[in-house]
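Please look over the sequence and the model below before reading on. The numbered points that follow are meant for someone new to this structure.

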Amino acid sequence: IGDGPDYDLVVIGGGSGGLAAAKEAASLGAKVAVLDYVTPTPKGTRWGLGGTCVNVGCIPKKLMHQAALLGDAIEDSQSYGWQFSNPENIKHDWGILRQAVQNHVKSVNWVTRVELRDKKVDYINGLGLFKDAHTVQTTTKQGERTITSKYFLIAVGGRPRYPNIPGATEYGITSDDVFSLEDSPGKTLVIGAGYIGLECAGFLRGLGYDATVMVRSVVLRGFDQQMAGLISAAMEERGVKFLRKCVPKSIEKAIDGKLLVKWTSENGQEFGDTFDTVLFAIGRRALTREMQVEKAGVQVAGDGEKIDAVNEQTNVPHIYAVGDVLYKKPELTPVAIHAGRLLARRLFGNSTVQMDYENVATTVFSPLEYGCVGISEEVALQRYGEDNVEIYHAYYKPTEFFIPQRSIAHCYIKVIAKRGGDQKVLGMHFIGPQAGEVIQGFAAAMKCNLTMNALMSTVGIHPTIAEEFTRINVTKRSGKDPNPAS
Ligand code: FAD
Ligand code: NA7
């Protein structure tokens, strides 16, 4: 670039969004550098290149969820004829799971580094701070460095919050620590009932640990509340305990090494119990302060930490942002990747295609999974009014549940449609096994303006659970029984 800036694009944060943008930009001929640095957790946990999803998010979470599901499968298998010489002796070994998960994570870290090298993206293992709007400063093992670039991309993601109570950082852990814990977590209190809290409590219970979720207001705030209620009921049925309308007050270490947690209920009553592990899942904060965005003139949104970008562009025209750092955008890996890739194409590939943040499908990997796309019943009623919305629903019986006599009490689906005409589908909600696999294709159908007429005229695949969506015909308005004929 001669006397110009060092790079065409400098990406700060080598996670889902940053890496996708960096690789795409490089393949379009741009000179690109990625800075990635992981500040250790208060417990000292650290990890390699690739960001939250690969190291302490989606991937280790899904693997531990799978470990828990396999436990269920072992139980079911006996009614299908599988014989174990000593069924009571089947145990789970945390150390083996932890090692297997961490080995996989490390292999992904390695592949990511190789990919960057192959694409000629410079990887700088240092914390990036803005010095001014055109310069980023970093300290690596080789010393301090300043880097200039034509464009910058803020992709620093977020990290778990800790509550401001005595003992929180000393004794508590978060999702940043749980997947690499040396010792098995034992009796665990999960504080927070968002999807991360439910998923962690779910797989821990599935692996055989005593698990309790402390809920401040409602479970899965922001999700369809009828579905959220079914998810927590399904978890309770599997032995997860819920402390509702409670907030933590303090954590102390008892002489026997256990953690004594005190909390207060809604009416101010104080309670306490001891746990081996306390895991906070009370939300995440964006890491903009640490990188001194104000020195570049980048404004943060109302919450003081996230960036309210328009089409990923911040208020400083050559500085962009993608991923979890964005204000009021879904905090999901494919969202970060898609937005990062499209941005790189607009910057270096003459593209004009913008990211569409609407109708992004997601799944909560609770023991009985919950997948959804589009809006919740609450939002539909509020947005369109009861007279203009039709809610279709059904309980169903997965074929494979019959033989082991698994509970079908919470296997439920719901489709929210506009009333009248072809009945455009506004939201689809599914509780059951493989919810993510079920919902993904319907998300594509919704992108193509799926209508109730089209859904009902789709021929199902039998016997599957996804076919339930093609059979759905009972509306809430009709008052008819949504239970299947037995
Ligand atoms: P990140 O992936 O967080 O990457 C940011 C990177 O920047 C990190 O490596 C960070 O250390 C680094 N960094 C920060 N500041 C600096 C700096 N100043 N200089 C240099 N580097 C810096 N999403 C899904 O889609 N499906 C799931 O099932 C799912 N499960 C999840 C489970 C858990 C437990 C968690 C925590 C998250 C989960 N997510 C899931 C969310 C998903 O992980 C995030 O949405 C995604 O990783 C966001 O990508 P990002 O690029 O914005 O940031
Ligand atoms: P969420 O989805 O923001 O959920 C946080 C949960 O923690 C939620 O149940 C909160 O209850 C609860 N919370 C928040 N602060 C506290 C305190 N101080 N004490 C007790 N409980 C608290 O976060 P996740 O970690 O599950 O997910 C992180 C992000 O990924 C999230 O923003 C998603 O968009 C994606 P509340 O409902 O506020 O009463």
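1. A backbone N or O atom of T333 is 3.0 Å from an oxygen atom of ligand 1. The model is predicted, and this distance, like the others in this note, is computed from it. T333 also belongs to the contact that helix α9 makes with helix α1, taken up in point 4.

2. Ligand 1 has 38 residues around it, and the closest are D36, T52, K61, G128 and D324. With Y37 the protein atom is a backbone N or O, 2.8 Å from an oxygen atom of ligand 1.

3. Ligand 2 is surrounded by 15 residues, of which A193, R216, S217, R221 and E331 are the closest. The backbone takes part here as well. An oxygen atom of ligand 2 lies 2.9 Å from a backbone N or O atom of A193. For G194, a polar backbone atom is 3.4 Å from an oxygen atom of ligand 2. For G283, a backbone N or O atom is 3.2 Å from an oxygen atom of the ligand.

4. Helix α1, residues 16-27, packs against helix α9, residues 333-348, with the axes 7 Å apart and an angle of about 30°. Because angles under 35 degrees count as roughly parallel, α1 is roughly parallel to α9. The crossing of α1 past α9 is right-handed. On the α1 side the contact is formed by S16, G17, A20, A21, E24 and A25, and on the α9 side by T333, A336, I337, G340, R341, A344, R345 and F348. These residues comprise 7 nonpolar, 4 polar and 3 charged.

5. How do the axes of helix α3 and helix α4 cross? Helix α3 covers residues 58-79 and helix α4 residues 94-118; their axes come within 10 Å and cross at roughly 145°. This crossing is right-handed. I59, P60, L63, M64 and A67 of α3 meet W94, L97, V101 and H104 of α4. The contact of α3 with α4 has 8 nonpolar residues, 1 polar residue and no charged ones. By contrast, the contact of α1 with α9 includes 3 charged residues.

Notes:
Residues are numbered from 1 along each chain as its sequence is written. Chains are lettered from A and ligands numbered from 1 in the order in which they are written. This is a predicted model: local features need pLDDT of at least 70, side-chain atom pairs count only at pLDDT 80 or more; totals for chains, interfaces and linings use all residues. Side-chain values use heavy atoms; hydrogens and water are left out. Axes are lines fitted to C-alpha atoms, for helices over the stretch in contact, and angles run from 0 to 180 degrees between N-to-C directions. Helices (H or I, at least four residues) and strands (E, at least two) are DSSP runs, numbered from the N terminus. Angles under 35 degrees count as roughly parallel, over 145 as roughly antiparallel, 65 to 115 as roughly perpendicular and the rest as oblique. A crossing is left-handed if the near helix is turned anticlockwise from the far one by less than a right angle, and right-handed if clockwise. Contact means heavy atoms within 4.5 Å. Ala, Val, Leu, Ile, Met, Phe, Trp, Tyr, Cys and Pro count as nonpolar, Asp, Glu, Lys and Arg as charged, and the others, Gly among them, as polar. A residue is near a molecule or strand if one of its heavy atoms lies within 4 Å of it. A polar contact is a pair of N or O atoms within 3.5 Å; within protein, one must be able to donate a hydrogen and the other to accept it, and residues adjacent in sequence count only if both atoms are side-chain atoms.
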